[in-house]
Amino acid sequence: MDTESTDPSSGSSDEDQQVIMGQDMGDLEISAFRKGTECLSAGDVGKAFACFLLTLKLNPGRQDAVLASSSALLQWCGKLLRIGRAGDAVQCCKNAIAILPSSPQVWHTYGRLLSQMDMKTEALAAFYRAVKPQQLTAAMPCARWAADMLLNDLVERWHFPMVNDIARNATYAAAISEAVHEVGYDAQVLDIGCGTGLLSMFALRAGLRHIHAVEMSVVMHGVAQRAIAANGCSELVTLHCMSSNDLTIPEHISDRVSLVISEIMDSALLGEHMVPTMRHAWKHLLRLPRQIPATYSEGGESSCATAPACTVVPSHASVHAVLTESIAVRHHSRLVSDTVMGLDFCPLRVIGSDHVESLASNGEQASAHALQQQQQQQ
C-alpha cells in the first residue's frame, strides 16, 4: 500500500502543510509553488499536487500552477487507481474542480479517470465539460477525441442503419402524419424509446403542437436533445430520461395520451421488450375510449357513440422468416472441418449436451480458482 501521503484527497502530509503554513502570507504562494515543483521533480506527485492546489487557492489565475497541477493530478490519480484507491482519486479531481471549475485540463483528467473506472457516461460528461471553453488549449483536442470515442462506444450501433433507412423513415413519417391528423394537433402524444428524436420530429412536422418523448439511455437522451435543438424544436418536445414503465399520470404527463409512437423492435420484432412495454402503455398511459353524450335523430330516437380509440404507431406487425444456408455465416459460427492444415481440431466441435456441461464445469472451476487466488492476495 502506498504511504506517500496521509491525506488521500490532497496528497499532502501534515508536516508539509505545517512547513508551508509557517511562511508569511506574502511568501506563501511562492513557497507552495516552489515546493510543488521540487516534489514533482522528485516523483512525489501526491505532495506536488497538494502544493499546487494550495498555490491555486491563493491565486487561481496563475497559469503555470494550473498546468503543473494538471500534470501532477493526472499522475497522482493514475497512481491511486493502480493501488486500488479509486475513491481517493475521484476526490482529488473534485478538489481540483472546486478551485478550477472552468479548467479544461482538470475536466479532461477527471474524464480519463472515470473512463478507466468504466464509468463511461460520467466520463463523457466530463470530456464535454473539457471542450466547452472557447479558448484553445492543449487539452481540448484530446478531450474532443476521447469524447467522440466514448460516444461511439455508448451509442448503440442499430441507430445508424435505422436513421439511414430512407424507405423506413418515409413510411414512419406517413403513418405518423395520418395518426396525428386523426387524433388532432392538440392531442397528448408520447414517443416511447425516442432514440435520436426522429419520430418525435416527424410528429411535429405533421402539425402536432407538442409531444412527450421518453428515452432511458442517458447518452441517447443527450443525442436526442441536441438533434431536437438543432432543428429548432426544443420548445415543442418534453424529454424524459427514464423508462416509459416509470412514467405516471399526472406527475410526468398531465393526462393520458391519444397517440403512442415507437420503434422499440429488433429484427425479430420482440427483442426490445416491446410487448410488456406496450402492455404497460395501454394500461397506464393511453387514453381510454369514452362515450359521447346521447344525441337525438329526427325520429326522436337517441343514440350514443364511442369516441375514436387511441392510436398506436405501428399498430400491428408481421414477421417473415425463411430457412437459408450460408457458408459465410457458417464460417463465423462453427468449425467447418475437423482438421486445420493437418492438425486435429475435433475438440473445437462443441456439439451435444455432454460437451456443454463439461465446458460449464471447467468454467466454474476456473472462476472458483481465480476467486481463491484473489482472496489469498488480499
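Mentor: One term before we start: buried means under 20% relative accessible area, exposed means over 50%, and partly exposed is in between, with a 1.4 Å probe and protein chains only. This is a predicted model, so local features need pLDDT of at least 70 and side-chain atom pairs count only at pLDDT 80 or more, while totals for chains, interfaces and linings use all residues. Residues are numbered from 1 along each chain as its sequence is written, and side-chain values use heavy atoms, with hydrogens and water left out.

Trainee: Okay, how many salt bridges are there?
Mentor: The count comes to 4. A salt bridge here is a side-chain nitrogen of Lys or Arg within 4 Å of a carboxyl oxygen of Asp or Glu.

Trainee: Which residue does E263 form a salt bridge with?
Mentor: R168, with the closest N and O atoms 3.2 Å apart. E263 sits in the loop between strand 4 and helix 13 (274–285) and R168 in helix 10, so the pair ties together parts 95 residues apart in sequence. Helices (H or I, at least four residues) and strands (E, at least two) are DSSP runs, numbered from the N terminus.

Trainee: Is R168 buried or exposed?
Mentor: R168 counts as buried, at 15% relative accessibility. E263 is buried too, at 14%.

Trainee: And what about R209?
Mentor: R209 forms a salt bridge with D186, the closest N and O atoms being 3.3 Å apart. That pair links distant parts of the chain, 23 residues apart: R209 is in the loop between helix 11 and strand 2, and D186 is in the loop between helix 10 and strand 1. D186 is exposed, with a relative accessible area of 63%, whereas R209 counts as partly exposed at 47%.

Trainee: Switching topic: why is helix 11 said to be largely enclosed by the rest of the structure?
Mentor: Because 6 of the 8 residues of helix 11 (residues 198–205) are buried.

Trainee: Which ones are buried in helix 11?
Mentor: L199, S200, M201, F202, A203 and L204.

Trainee: What covers them?
Mentor: The cover includes helix 10 (166–183), helix 12 (218–230) and strand 1 (189–192), among others.

Trainee: What follows helix 11?
Mentor: G207, whose phi is positive, near 115 degrees.

Trainee: Last one: where is V340?
Mentor: V340 is in strand 8 (residues 339–340), and it counts as partly exposed at 36% relative accessibility.

Key. Contact means heavy atoms within 4.5 Å.
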